[in-house]
Amino acid sequence: MSYIISTCTTADMTKEMFDKLDVRCIGFHFVINGKSYTDDLYTSMSAKEFYGYIRSGADTTTSQVSVGEYVDYFRSMLLDGNDILHICLSSGISNTVQSANAAAKMLKAEFPKRKLYIVDSLCASSGVGLLVTMLSQMRAEGKDIDTVYQWAQEHRRQVHHWFCSTDLTYYIKGGRVSKISGVIGGIFEICPLLCVSPEGKLKPIAKIRTKKKVLTALVDKMEQHAEKGLDYDGLCYISHSDCLEDAELVRDQILERFGKIREIPIFDVGTTIGCHTGTGTVALFFTSTDEREDAR
């Protein structure tokens with residue numbers, strides 16, 4: 001089809017996966033100990049190197065894509081005669097969708113015959129990636145840009161996100177968990193279970209004692225909310241921040257319970273999201289006919 005599907009590197013998939021789906025992406029920015037980098041899907045800095053900085057207690061910050069960067073990025077594709085469907089990280093987490101919309105508005109007069117649609121995914125990390133995968137599949141089936149855009153607007157809340165963390169260091173550093181709660185959690189092995197709300201915001205659900213139980217709780221939530229329950233046969237993605245064994249444990253439990261699932265890609269949480277989660281986070285993504293307001 002004669003349109004491009006695009007997103008940000010915060011969709012947390014590999015470069016190979018983006019290439020396979022024929023999806024373009026633009027990078028956020030991050031700073032480690034005062035040095036600036038562009039999130040480029042671990043091309044110039046490996047995940048092992050990045051999380052090595054995190055484990056050493058590096059000072060990290062992030063910044064979204066600017067309006068000017070979006071203008072240049074979109075213009076290059078519009079000049080080639082392409083329409084664009086761009087999927088942004090949730091507005092409940094970042095203001096990047098505002099920058100993308102501002103850029104689209106600026107380019108409208110310059111390219112009056114071209115379509116440039118911006119979607120607030122209301123998703124995060126590989127949840128954005130899962131949504132983008134479905135949109136890419138629809139394009140491959142011959143769906144036009146207007147149909148795919150409308151579908152994304154109507155179904156984005158059906159991508160469920162469940163995640164947990166066994167290391168609260170960066171949650172405390174970012175103010176998401178108080179220092180006292182973090183210390184107590186560490187002593188008693190309490191791990192938070194969270195989801196993404198209908199508004200695309202992080203939502204704490206429960207505090208579960210021990211890593212083993214909280215990882216199993218992720219799979220329990222999938223059984224509870226996935227379309228068709230244990231007969232679920234849709235897409236399922238897992239991402240992790242430098243805790244591959246934990247992610248593999250979740251994957252193995254899912255494959256054991258859900259007999260119709262054959263493959264579960266596991267991705268590294270990217271640099272932008274990883275600056276805020278630190279290490280020890282495992283996230284699970286799947287779809288449901290129920291929107292996320294039913295997630296409890």
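Tutor: Let us begin with one pair of residues in this predicted model: Thr7 stands opposite Cys25 in strand 2.

Student: Which strands make up the open sheet of four strands, and why are two of them said to stand at the edges?

Tutor: The order of the sheet is 2-1-6-7, with parallel pairing. Strand 2 (23-26) and strand 7 (116-120) each have a single partner strand, so one side of each is left without a neighbour in the sheet. From one strand to the next, the twist averages 25°.

Student: Which helices are in contact with these strands, and how do they run?

Tutor: Helix 3 (residues 67-79) lies across strand 1, strand 2, strand 6 (83-88) and strand 7, and runs at about 145° to strand 6. Helix 6 (residues 145-155) also packs on the sheet, where it touches strand 1, strand 6 and strand 7, and its direction makes about 15° with that of strand 7.

Student: How do you know that the buried residues of helix 2 are on the same side?

Tutor: The buried residues in helix 2 (residues 47-55) are Ala47, Phe50, Tyr51 and Ile54. They cover an arc of only 90° around the axis, which puts them on the same side of helix 2. Just after helix 2, Gly57 takes a positive phi of about 85°.

Student: Why is Thr287 called buried?

Tutor: The term applies under 20% relative accessible area, and Thr287 has 12% relative accessibility, so it counts as buried. Thr287 lies in strand 13 (residues 281-287), and, leaving aside residues up to four places away in sequence, it touches several others, among them Leu130, Met134, Gln158 and Tyr232.

Student: Why are Thr210 and Asp242 called partly exposed?

Tutor: Partly exposed is the range between buried, under 20%, and exposed, over 50%. Thr210 has a relative accessible area of 24% and Asp242 has 29% relative accessibility, so both fall in that range.

Student: Where do these two residues lie, and what is the phi of each?

Tutor: Thr210 is in the loop between strand 10 (202-209) and helix 9 (211-225), with a positive phi near 85° in a residue other than glycine. Asp242 is in the loop between strand 11 (236-240) and helix 10 (244-257), and has a positive phi of about 60° although it is not a glycine.

Terms used:
Residues numbered from 1 in each chain as written. Predicted model: local features only at pLDDT ≥ 70, side-chain atom pairs only at ≥ 80, totals over all residues. Heavy atoms only, no water. Buried < 20%, exposed > 50% of the residue type's maximum accessible area, 1.4 Å probe, protein only. Arc of directions from axis to C-beta. Contact = heavy atoms within 4.5 Å. Pairing = 2+ DSSP bridges. Axes fitted to C-alpha atoms, helices over the stretch in contact; angles between N-to-C directions.
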